[in-house]
Amino acid sequence: MNDDTNISRMLTDQLSRLLEASVDAPLLAKIEKGTAGSALNDAVAELGLDMALVPEDKDGGGLDWSDAAPLFEVLGYYAAPVDLGEQIIAQWALAQAGLP
């Protein structure tokens, strides 16, 4: 097992624990009504996972797509009402374009 796989597992475990403790039917109902959600977005943002695919020399996690895939699986499993998946892709695209 390589270091990226270990890092991927640790990051995935962090995200899974957070979502397991936070996402439930009442929260999803509140979000659908537009009355909740920012606290969960803030907690997810604090994990810094949006930079998972950004190269390490650009202050990212340096993971490749196969190592980041479990993060997307966890987001889907919990039907996570956050935009982390989009943020990961956006940060990767910006890094590929050489933009901050």
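Biologist: What share of the contacts with a separation of 6 or more is made by residues 24 or more positions apart?

Modeller: A contact means heavy atoms within 4.5 Å. In this protein, residues 24 or more positions apart account for 63% of those contacts. This is a predicted model, in which local features need pLDDT of at least 70 and side-chain atom pairs count only at pLDDT 80 or more, while totals for chains, interfaces and linings use all residues. Residues are numbered from 1 along each chain as its sequence is written, and side-chain values use heavy atoms, with hydrogens and water left out.

Biologist: Which secondary structure elements does the protein have?

Modeller: Elements are DSSP runs, numbered from the N terminus: helices (H or I) of at least four residues and strands (E) of at least two. Here there are five helices and zero strands.

Biologist: Which residues of the largest nonpolar core touch the most other members?

Modeller: In soluble globular proteins, nonpolar side chains tend to be buried together. A nonpolar core is a set of buried Ala, Val, Leu, Ile, Met, Phe, Trp, Tyr and Cys residues joined through side-chain atoms within 4.5 Å; buried means under 20% relative accessible area with a 1.4 Å probe, protein chains only. The largest core has 21 residues, and Leu15, Leu19, Leu40 and Leu84 touch the most other members. Helices H1 (3–22), H3 (38–46), H4 (65–77) and H5 (84–97) each give two or more residues to this core.

Biologist: Which residues does leucine 19 contact, leaving aside its neighbours within four places in sequence?

Modeller: Leucine 19 contacts Leu40, Val44, Val74, Leu75, Tyr78 and Ala80. Over the whole protein, 31% of the 100 residues are buried.

How values were computed:
Buried < 20%, exposed > 50% of the residue type's maximum accessible area, 1.4 Å probe, protein only.
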